[in-house]
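Here are a few notes to get you started on this structure. Have a look at the sequence and the model first, then read on.

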Amino acid sequence: MIRVVLIAFLLFTDHAIATGVSPADVPDTMAERVKACTACHGKEDKQGRDAYYPRIAGKPEGYLFNQLRNFRDERRHYRPMALLLEGLPDQYLRDMAAYFASLKQAFPPPEPLKSSPDEVELARRLITQGDPGRKIPACTECHGKDLMGTEPFIPGLLGLPRVYIIAQFGNWQNGGAMRGETPDCMSEIAKQLTTNEASAIAAWLAAQPVSEALSTRASPAATLPGKLAERCSSIVLQPGGLQ
Amino acid sequence: MKLILLAAALAGLIGLGIFMVPVSSSSVPAGVESPPAKTDGITGRQAQQQQQARGAYLAQAGNCMGCHTAQGGRPYAGGHVLDTSIGTFITPNITPDPETGIGLWNEGNFWRALHDGKARDGSPLYPAFPYTEYTKITREDSDAIFAYLQSLPPAQQRNRPNQIRFPFNLRPLIYIWRAIYFEQGVYRADNAKSDEWNRGAYLVQGLGHCNACHTARNPFGASQGELFGGGQLMGSNWYAPSLTSLQEASTSDWAVEDIVELLRTGSSSRAITTGPMADVISQSLQYLTKEDAYAMATYLKSLPETGPRSRGIAPALTEEVDTLLRQGGEIYETHCQDCHGNLGQGAPGAYPALAGNRGITLASPINAIRSILNGGYAPVIASNPRPYGMPPFAQILRDEEVALVLSYIRNAWGNRGTLVTAAQVDRSRKGAQ
């Protein structure tokens with residue numbers, strides 16, 4: 001009997017907790033659902049915490065979807081992303097990609113450029129002309145003349161932290177990104193670059209201001225020349241399933 | 001007493017493999033073992049399709065896919081990594097590919113694997129494949145699952161070999177293990193209980209292999225100790241709570257409907273699932289028929305309640321402790337309150353309540369630490385395709401801050417639990433428990 005009374009009491013207190021306090025109001029929106037993402041990939045004011053997290057707002061949907069899948073399936077190695085996305089089906093990842101692709105968010109102010117004039121010149125040459133002798137295409141060939149990305153799979157390069165870009169070059173050089181997927185164009189290109197070159201490019205890119213007109217443009221304009229597209233498995237990996 | 005002795009002797013005999021004849025279940029209709037070849041073409045085909053459909057349901061209820069599919073990989077093609085105390089297992093391909101899968105198996109081979117833990121060539125299987133539970137599956141169900149697997153598109157995929165540490169890589173050792181820990185035998189109905197209860201017991205103990213996580217394992221990987229008494233998941237810092245302790249995840253004081261809701265959706269007004277259990281819900285349990293979900297709930301609710309277990313000693317509220325908790329409270333306000341509410345009340349359907357949440361005050365705080373560090377999403381199910389999620393705080397909070405905020409949550413709004421230390425958080429970050 002005592003037990004019955006006890007259990008009844010416990011249930012009662014449970015009930016009191018459940019009804020005595022008004023539950024927090026939760027908006028039925030994607031913005032609310034991706035709070036788990038925006039804690040790090042937030043608006044500018046939150047990025048101050050850690051300069052590393054890349055901007056994902058406004059990137060091409062196909063690119064974001066591929067990255068989400070690559071993180072989840074550990075082709076692109078970053079443990080925190082893999083843990084967060086564990087078990088989420090493609091469809092939800094696609095919804096998330098579409099949401100972030102649709103965001104028009106002001107770009108952060110550019111990082112100060114601390115490179116020497118030689119380094120600036122080196123970066124500018126590689127970015128706009130590449131180095132055909134070493135089979136390095138210009139960044140602008142794939143990432144767009146304005147470096148704002150190419151639909152549907154190639155990301156823009158502006159508004160990213162310098163340290164993030166350097167880390168990605170390191171990943172590609174060591175095979176940490178898109179491991180096992182070939183051909184992997186960025187890996188091939190990054191392996192051709194010296195540390196100085198990669199560092200100069202990263203510093204230059206992070207220091208570019210983005211005009212309001214560019215940042216609010218509907219979507220990246222250019223399409224990719226077929227010859228270049230063939231070099232990149234990250235591009236031919238079509239949404240809709242791995243085959 | 002005599003009965004217990006008899007049961008023990010029987011279990012011993014079975015364990016030693018003296019009972020070599022599979023115990024057949026009364027629920028297996030006659031003629032199941034022969035293929036439906038005698039019937040004419042159309043009904044034969046219909047029967048086959050029905051069997052495959054039943055097998056598909058059963059394979060899902062047993063979550064075969066959970067282990068036999070790599071994240072993002074081809075269904076049932078294996079390659080999933082299982083870290084255990086004796087080494088790393090890479091799950092095999094069970095699609096009907098003749099070279100890399102089980103295309104050359106027949107239903108007898110498959111039955112022997114499930115029921116007796118033997119490979120096609122007769123060698124003993126490592127119990128990472130839970131035949132210790134699957135042995136309870138009926139022959140009829142085994143054949144149906146096999147028929148379904150054979151109907152899948154064959155996937156040619158050769159997986160890496162297991163990496164088992166010495167001396168466990170010596171297969172003959174498994175015979176000793178089996179003699180001690182393996183009791184072969186199909187589930188036997190308890191006639192004193194209802195059909196529904198028995199169906200639930202069959203699903204929970206056999207096909208569902210809930211035991212594999214919810215019972216503690218000894219260093220040899222055998223489930224030991226109190227059945228469903230809770231245990232650390234091998235190779236991960238998750239703790240599968242006890243299904244028999246009211247301080248943990250016992251449902252003996254729940255309404256059956258609440259248990260059913262939890263099993264089929266991953267959350268109910270009484271609790272919410274996270275981590276590996278959330279995967280089990282989205283991959284498997286959400287597809288249970290209503291009848292089977294009720295059967296499992298009926299059985300789970302009936303599990304005998306165990307006595308209170310050691311909870312550790314909640315801190316006396318000295319001034320020093322009070323200061324710590326207040327610091328934790330400030331972190332809570334900054335990072336947690338938006339979603340979980342100023343009184344830990346949460347938001348139904350989106351964010352779990354932390355007040356009165358048994359998962360928060362478990363003696364071992366590892367699940368809560370993990371959730372704070374890594375975040376994660378509630379299970380994706382058909383009726384909730386876009387669940388709300390929890391951000392990872394590993395990059396945002398230092399170990400000391402995680403310890404403070406969790407200590408606060410474990411001791412706020414009527415919760416009582418031990419204080420959490422920065423060292424515990426650090427161990428979780430490093431992947432240790």
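**Notes on the model**

1. On chain B, Leu170 sits in the loop between β3 (163-164) and α7 (172-181); helices (H or I, at least four residues) and strands (E, at least two) are DSSP runs, numbered from the N terminus. This is a predicted model, in which local features need pLDDT of at least 70, side-chain atom pairs count only at pLDDT 80 or more, and totals for chains, interfaces and linings use all residues. Residues are numbered from 1 along each chain as its sequence is written, chains are lettered from A and ligands numbered from 1 in the order written, and side-chain values use heavy atoms, with hydrogens and water left out.

2. Is B:Leu170 buried or partly exposed? B:Leu170 is partly exposed, with a relative accessible area of 41% (buried means under 20%, exposed over 50%, partly exposed in between; 1.4 Å probe, protein chains only).

3. Now over to chain A, which has 15 helices and zero strands. Of its 243 residues, 47% count as buried.

4. Take helix α7 of chain A, residues 90-102.

5. Which residues of α7(A) are buried? They are A:Tyr92, A:Leu93, A:Asp95, A:Met96, A:Ala97, A:Tyr99, A:Phe100 and A:Ala101.

6. The cover over those buried residues includes α5 (61-72) and α6 (79-85) of chain A, and also β6 (376-377) of chain B.

Conventions: The expected span of a helix is 1.5 Å times one less than its number of residues. Contact means heavy atoms within 4.5 Å.
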